[in-house]
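Visitor: I have the sequence and the structure open. Could you walk me through how the chains meet?

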Amino acid sequence: MRIPPRYAQNIAVVLLGGATALALAALVFIIAFVMVKGMPAVNLKFLVDSPREMGRSGGIFPAIVGSFILPLAAIAIALPAGVGTAVYLAEYTLENRITRVIRIGTDCLAGIPSIIFGLFGFIFFVTVLRMGWCILSGALTLAIMILPTVIRTSEEAIKAVPRSYREVSFSLGATQWETVWKVVLPNAVPGIMTGVMLSMGRSIGETAAVIFTAGAALRLPTSAFDSVRTMAVHFYLLAREGISLENAYGTAAVLIVSILLINAASYWLMHRFISRRAR
Amino acid sequence: MVVRWIAERAVKWVLIALAFSALASLLLIAVFIFKEGVPFIVRVGLKDFLLSSEWDPQAGRFGVFAMIVASLCVTFGAMIVGAPLGVAGAIFLNEFVSRRITRIVKPAIELLAGIPSVVYGFIGVVAVAPLIREHLGGPGLSLLCASLILGVMVLPTIMSVAADAISSVPNSYREGALALGATRWQSVRMVILKAARSGIVAGVILGLGRAVGETMAVIMVAGNTVQVPGSVLDPVRTLTTNIALEMGHATGLHRQALFATGVVLFVVIMILNALTMAAMKRGHAGK
Amino acid sequence: MNADVKIEVRNLDVFIGNTRALRGVTIDVPARSILGIIGPAGSGKTVFLRTLNRLNDLTRGFRATGRVLLDGADILAPGADVVGIRKRVGMLFALPVPLPMSIFDNVAFGPRLAGTRSRRTLRQIVESSLKAAFLWEEVKDRLNTSSLRLSGGQQQRLCLARVLAMEPEVILLDEPCSGLDPVSTARIEEALAELKARYTIILVTNNTKQAARVACNTAFFLMGELVEVGPTSKIFISPSDPRTNDYVIGKFG
């Protein structure tokens, strides 16, 4: 039997719309669930207190600190490398075999699962380089993980800077690097920041790559060679080992709020960037 | 002048060095994972390692067959859940609703991608697994539960890549189909999906890669029993979770076995990467 | 006679990819005067101009053979100091391209690159350059506001001031008035008339009348070839090549 086109259209709209609604519902459910269950546990004391009895009581302050130190340190490492790569690809060379190899390498790196990064970080930074479970090991591992994102978004941002700006700069006697530094990069900052925020969001929620490289110490770190525990790891341990469901929910709520804020900021930045480009 | 010339040269070399950072990292990762894992595979024998389902580190038995099967099943299940929803969402938002709604809904669904995997896993444990246990039987933490959770997790990835592919189909194609008297759905089915096919495939493969590699969510919801699943309600252990579960206390041969598991995973992911690139490339060549 | 020639171009061939953009161009550009270049779109005027400050190096697939002597030194020679050449040969583009920074920073961009750091010196340079571009009176009270807020005509004069600030010897203008209204155009032309006493100016224009108004000598390009060059009055009144005549009286182009 052949369904008349108009009915087919209606059926399609209902099915497609239903699927979209289902996806949205999943999002709303997850966030609402965590918020409703978690928010009662969150108060000022929870945020600024240290955990006691493995996290059964007390707050999550060291985990909050860890959750921001680790991604920030990773970005501090990945940003120069990523922007440098993007500048090289976009400004210093034409497409050739070398750039193609670099691009393929970047794409492959982007596809590697985080547990492999964890394994690598553990064997290389923690064991071979004898750095132990520490902030530096974790940050280096995360830096490699976010490198492809930083490279891609930076290259997009650099390519979006109008060609005429470069021509003006060159015609005024600037060298290649002076043009990049004084004209191209300042105009690419919003786009680069978008990539930074995306990476920040990804690394703050990361568990597998972090737990085997930065460890899970509950104390506040005093140096780059101290182990830290991030909120994601703290939450995982609390929930998995059934230490405290209440505090696990609370930690998840704080974690999700942090991530939502970071994503909202990056979305806002991207929007500003696009509207500026349109002008 | 000379100083400037030297600085310019120096900067260029620094940039070239930085440009190889990603590639160097990739090679370093490959070298170290393989260096730890390959000798083990050679020692145990590729056949025994890949085709035996017996995993008992204390007894010195290391077969990952069940885990390979489990990884494939979980991934496949996740795609059954995530791919139709993701592609449907991409079509719906691009073709059937106003720009304004798309501008709100699309970033909202992309937010799903930002939720940490441990949170997904936890939702699976406290909300999804009990439902499965009560209504369908079994322990709840199972292949089905892992597939559902992973399906939702990979949905935003698939949707976002598919949506980009669909929105890059030239408007003239749509207008052409509509001008010939096609309904919106006919224009989607006959013209747009064909034109955007390679991009949609790339999105699905990308989601596949994420599902194969996901660890923390699966650890929490899959039950982690080493066995070839007989039904979707059986608990399973995947390649990734095997590594994460035992890495903390493994030493010697056991640890090498985990790296060997990593090698298998690495190879699977690289094959998927190659497929994605091929799909993307075909898409570009077609344009 | 030769002492007054600023740029000697000998047998210049330019390829962009497989397209031959210029063929065998030979021309002398006299110092301290305005050379107008006219010709229909695609005749190679802009390519010629961008070869004179090596800006074509940025164009993919660009190749040039022949010689371009700036004060006797070949700027196309391998190992030529490209950055130094661009400092001596300033360029004004068809559309005004103010960099997204303040008016002051735009004008000070060149001097800063050259190493001028003193705030006072920079101020003097900015003021004199803006005056020479007839813009000073309009912007002297808002030097620190964004250059993007200026009108199109003001932006182009700002770009001219920016070129003047790096104290070039030659100024290349690539259809500088194509996007401007008649009043702004008049102001730019006014500025050019004063500047020719000190600079060697090459003005590419689509507007033959503009060449007739301001150029001392005029060259006519057609399909990558230099058809004819001579004093402006001769080119417009009694050209020796019939194609030149057809173009200036408006038969094509």
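**Where the chains meet**

Guide: Let's begin with chains A and B, where contact means heavy atoms within 4.5 Å. The contact draws on 75 residues of chain A and 72 residues of chain B. This is a predicted model, in which local features need pLDDT of at least 70 and side-chain atom pairs count only at pLDDT 80 or more, while totals for chains, interfaces and linings use all residues. Residues are numbered from 1 along each chain as its sequence is written, chains are lettered from A and ligands numbered from 1 in the order in which they are written, and side-chain values use heavy atoms, leaving out hydrogens and water.

Visitor: What area is buried between chain A and chain B?

Guide: Buried area is the accessible area (1.4 Å probe) that two parts lose on being put together, summed over both. Carbon and sulfur atoms give 83% of it here, and the area buried between chain A and chain B is about 6,400 Å².

Visitor: How many salt bridges does the rule find across the interface of chain A and chain B?

Guide: A salt bridge needs a side-chain nitrogen of Lys or Arg within 4 Å of a carboxyl oxygen of Asp or Glu. By that rule, the number across the interface of chain A and chain B is zero.

Visitor: Are α8(A) and α1(B) roughly parallel or roughly perpendicular?

Guide: Helices are DSSP runs (H or I, at least four residues), numbered from the N terminus. The axes, lines fitted to C-alpha atoms over the stretch in contact, with angles running from 0 to 180 degrees between N-to-C directions, come within 9 Å and cross at roughly 70°. Angles of 65 to 115 degrees count as roughly perpendicular, under 35 as roughly parallel, over 145 as roughly antiparallel and the rest as oblique. Therefore α8(A) and α1(B) are roughly perpendicular.

Visitor: Which residues in α1(B) does α8(A) meet?

Guide: From α8(A) come Gln176(A), Trp177(A) and Glu178(A). Their partners in α1(B) are Arg4(B), Glu8(B), Val11(B) and Leu15(B).

Visitor: Which residues in chain C lose the most area to chain A?

Guide: The contact takes 25 residues from chain C and 18 residues from chain A, and the area buried between these chains is about 1,800 Å². Together, three residues give 28% of what the chain C side buries: Leu58(C), Phe109(C) and Leu113(C).

Visitor: Which side chains meet in a salt bridge between chain C and chain A?

Guide: The count between chain C and chain A is one salt bridge. At 2.8 Å, N to O, the side chains that meet are those of Glu167(A) and Arg50(C).

Methods
Helix = DSSP H or I, 4+ residues; strand = E, 2+ residues; numbered from the N terminus.
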